[in-house]
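Keep the structure open as you read.

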Amino acid sequence: MAKIENKPSRWEVAEGSPMALIERAQLLISNPNKNERDELLHDCVLAGTSDALAAVQMLAEDMYDGDSFNVLMKWPAAWCLVAWEERGLRALIEITKRAPTSKNYSISFQVLATLSAEEDLPDSWLTSEIKTAIHARVKNWDGVYSGARVKLNALARSIESDYEAALYAAIPMPYLAATASSAIKPLFLAMSTRWLSLGDTTLTDYERLLKESGDDEPALHQFLEKHPQLLDPAALEVWSKPDLSGAKEPDFVIRRIDDTYLVVEVETPSKTLITRGCRCSAESTEAIRQALDYRSFLVARFAAASNVFPNFQTPDCLVVVGLERGLSGEQRAALGRENESRAHLRLAGFDWLAERARAVARNVVESRIDVRRVRMT
């Protein structure tokens, strides 16, 4: 990519008609120029059409032969996508997904974090004329801010590697610290959602495991050991098959972030959860007995347990047996009654763990606590 210079516009007019915006974008990509970049971005924002959006997206996505000066083309174009509100934010994510480079991720993180913090458009990348045109084009800034927050969290969760996620988020930090410091918080929060919830790939792998290895208890235990958020979204510390004085060995003991505890007994998806007669199966009954036995064992040796488990409290119990998705309405009602009749114990299917994990992921992506007032009549 040639060094960007300030020079007069070269847009040609053929047969009385100006060159199309997309054609101008293609020409600018082949021969970048700062003045013409600003002129084209301004014209595109003023036009506000689908073709104009496509032209801006092209400028933001192209890597300009890998030249280091490409930031001078990509960043201003990425910011102009805001003029198309939700469509523009989707275009920003599309760029990152199609070309998942560290530069594209850092651009997306910078734009989305700044909007999430409800900061103004940056003077460093946009001329006053372009900023004015964007402000005139956007009709729903609240929607832009909330949409950016959702997409920021989803983008952070979508990166498979923790190393790459940390790297991509770190790149825009110095710029944000200098220009939009309040944007650092939503970026940090977005990164934290990676550990508060499970990604789509993990949940897909879990569903495949349930289908293909429904009677392989060691494989299931290993997967849950690797992804303990499935067992409890608030898991902080997890002990797998802890030796309780050589007498007992529950599948898991979990310490939650609020210092409450959970004892988990896991069977397999292939076993029966609720019988056709709408009663707990023999497998469920035995697993419940074991979980309660572990709980009583720990409570009876509270002092000893406190030496092993930090800030130990009387634990709740979770028993996971079979699947819920195949239960009839009457069987589901029986399961509900079973759970209502027992304090501090939940009986659930393996698929319930997945549904809860999806709900957590969905709500974590929203990442905003709304305080409301309501009156029932």
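A crossing is right-handed if the near helix is turned clockwise from the far one by less than a right angle, and left-handed if anticlockwise. The model is predicted.

Q: Does helix 3 pass helix 5 in a left-handed or a right-handed crossing?
A: Take helix 3, residues 50–61, and helix 5, residues 85–98. Their axes come within 10 Å and cross at roughly 35°. The crossing is right-handed.

Q: Which residues of helix 5 make the contact with helix 3?
A: Contact means heavy atoms within 4.5 Å. Helix 3 brings S50, L53, Q57, A60 and E61. Helix 5 brings R87, G88, A91, E94, I95 and R98.

Q: What is the radius of gyration of the chain?
A: Start from a compact globule of 377 residues: its radius would be near 21 Å. The C-alpha trace of the chain spans about 85 × 50 × 45 Å along its principal axes. The radius of gyration of the chain is 27 Å.

Q: What share of the residues of the chain counts as buried?
A: Buried means under 20% relative accessible area. The chain exposes about 18,700 Å², and carbon and sulfur atoms supply 51% of that area. Of the 377 residues, the buried share is 48%.

Q: How many strands does the chain have?
A: Look at the secondary structure of the whole chain. There are 17 helices. The strands number seven.

Note on methods:
Residues are numbered from 1 along each chain as its sequence is written. This is a predicted model: local features need pLDDT of at least 70, side-chain atom pairs count only at pLDDT 80 or more; totals for chains, interfaces and linings use all residues. Side-chain values use heavy atoms; hydrogens and water are left out. Axes are lines fitted to C-alpha atoms, for helices over the stretch in contact, and angles run from 0 to 180 degrees between N-to-C directions. Helices (H or I, at least four residues) and strands (E, at least two) are DSSP runs, numbered from the N terminus. The radius of gyration is taken over C-alpha atoms; the globule rule is 2.2 Å times the number of residues to the power 0.38. Buried means under 20% relative accessible area, exposed over 50%, partly exposed in between (1.4 Å probe, protein chains only). Accessible areas come from the Shrake-Rupley method with a 1.4 Å probe; for residues, only the protein chains shown count as cover.
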